[in-house]
Amino acid sequence: MKQPTIALVETDILIRYPLSHYLRECGYRVLEACTAEEARQLATARDVAIDIFVLDIAWLGDAGFALAQELRRLNEEWEIITIGSVKRAVKTAADLCEDGPNPSHASDHGNVLALIQKRLSMREKRSA
Amino acid sequence: MNAPSASLVPDSVREPFHILVVEDEVITRSVAAEFLRESGFVVVEAASGDEAWHYLISGGKANLVFTDLKMPGAIQGGQLINHIQANFPAIKTIVTSGNGGPFAAVTYSEFMQKPYDLDEVLDCIVKSLGIDSP
């Protein structure tokens, strides 16, 4: 069976890595894009077949909305999910996981949220 | 007592090694990351030295950093290596560049000229980590 591919477009590595790792545990192939431009490059790469785009609108801002519209124009069959907060991002990943090839392999999504919040808090402290 | 070296820990109980791939070209980064994941590593992707540094100082795990030299942002690959050696001396490093030339090969003990062969990258990572296989 073909492994579904998710393109996760998330600018913050402290959110992107735990989410992508979680989704891989659920059996997805996950491609990571750090910017809208990187997402465009993945979307238009000849040998990259993507099923679902997950876009973090909170961090991408207007570029995220523009990207979502552009992706819809490029391929109407792509499922495009926009998210607007860390909690929403983790909930979205958990929902995708339930529908994924290996939902039983996933760790508790509450742990993913806790890990992200812990790392964001550590960065804030180091930056202060 | 010192912890046993990674190569002495049985594969069945060993936590997977974490490789932080730092590369600003998305297709190059994705291809390298997927190859290393398929080889058995946990791979973290960063698009810049700044991102990689944020990951590390926030408690992110990495046994080895495989980084490009020239990237956008405040922290270039060379600076990232210096920061890692000063703050996280246990983390192994491998540098890559398309135009590093002989200078980079002399400066960095582990250097891969672009375009690199992924099997050679894997060999270099395994050797740097002192393990038999991922």
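**Entry 1: the annotated aspartate of chain A**

I started at A:Asp56 and found this residue in strand S3 of chain A, which runs over residues 52-56. I note for the record that I am working with a predicted model. What made me look here was UniProt, where an unreviewed entry lists A:Asp56 for "modified residue: 4-aspartylphosphate".

Is A:Asp56 buried or exposed? I counted 25 other C-beta atoms within 10 Å, and because 20 or more is the cut-off, A:Asp56 is buried. Setting aside residues up to four places away in sequence, I see A:Asp56 touching A:Val9, A:Glu10, A:Thr11, A:Gly64, A:Ile83 and A:Ala89.

**Entry 2: chain A as a whole**

Next I stepped back to the fold of chain A. I list 6 helices and 4 strands, and along the sequence they come in the pattern β-α-β-α-β-α-α-β-α-α.

I then checked the overall dimensions. A compact globule of 128 residues would have a radius of gyration near 14 Å, and chain A has 14 Å, so the two agree. Along the principal axes, the C-alpha atoms of chain A fill a box of roughly 40 × 35 × 20 Å. I also noted that 43% of the 128 residues of chain A count as buried. Among contacts in chain A between residues at least 6 apart in sequence, 69% join residues at least 24 apart.

**Entry 3: the annotated aspartate of chain B**

I place B:Asp68 in strand S3 of chain B, residues 64-68.

How many other C-beta atoms lie within 10 Å of B:Asp68? I get 25, and B:Asp68 is buried. Leaving aside neighbours within four places in sequence, B:Asp68 is in contact with B:Val22, B:Glu23, B:Asp24, B:Gly77, B:Thr96 and B:Ser97.

I followed the chain to B:Lys70, in the loop between S3 and helix H3 (77-87) of chain B. With 13 C-beta neighbours inside 10 Å, B:Lys70 counts as partly exposed. Apart from residues up to four places away in sequence, B:Lys70 touches B:Gln76, B:Gly77 and B:Ser97. I find B:Gly77 and B:Ser97 among the contacts of B:Asp68 too.

**Entry 4: where the chains touch**

I looked at the contact between the chains and found 14 residues from chain B and 15 residues from chain A. On the side of chain B that touches chain A, helix H1 (26-38), strand S2 (42-46) and helix H2 (49-57) each supply at least two residues. H2(B) gives the most, with 4 residues. By class, I have 7 nonpolar, 5 polar and 2 charged residues on this side of chain B.

**Entry 5: the nonpolar core**

Which residues touch the most other members of the largest nonpolar core? Of its 73 residues, I found A:Ala7, A:Val9, A:Leu23, B:Ile19 and B:Leu20. Helix H1 of chain A, residues 13-25, provides the largest share of this core, 7 residues.

Beyond neighbours within four places in sequence, B:Ile19 is in contact with B:Leu36, B:Phe41, B:Val43, B:Asn63, B:Leu64, B:Phe66 and B:Ile125.

**Entry 6: the end of a helix**

Just after H5(B), I noted a positive phi of about 70° at B:Gly130.

Notes: Residues numbered from 1 in each chain as written. Chains lettered and ligands numbered in written order. Predicted model: local features only at pLDDT ≥ 70, side-chain atom pairs only at ≥ 80, totals over all residues. Buried ≥ 20, exposed ≤ 12 C-beta atoms within 10 Å, placed from the backbone. Contact = placed C-beta atoms within 7 Å. Nonpolar A, V, L, I, M, F, W, Y, C, P; charged D, E, K, R; others polar. Core = buried A, V, L, I, M, F, W, Y, C linked by C-beta atoms within 7 Å. UniProt positions renumbered as here; feature names shortened; annotations may be inferred. Rg over C-alpha atoms; globule rule 2.2 N^0.38 Å.
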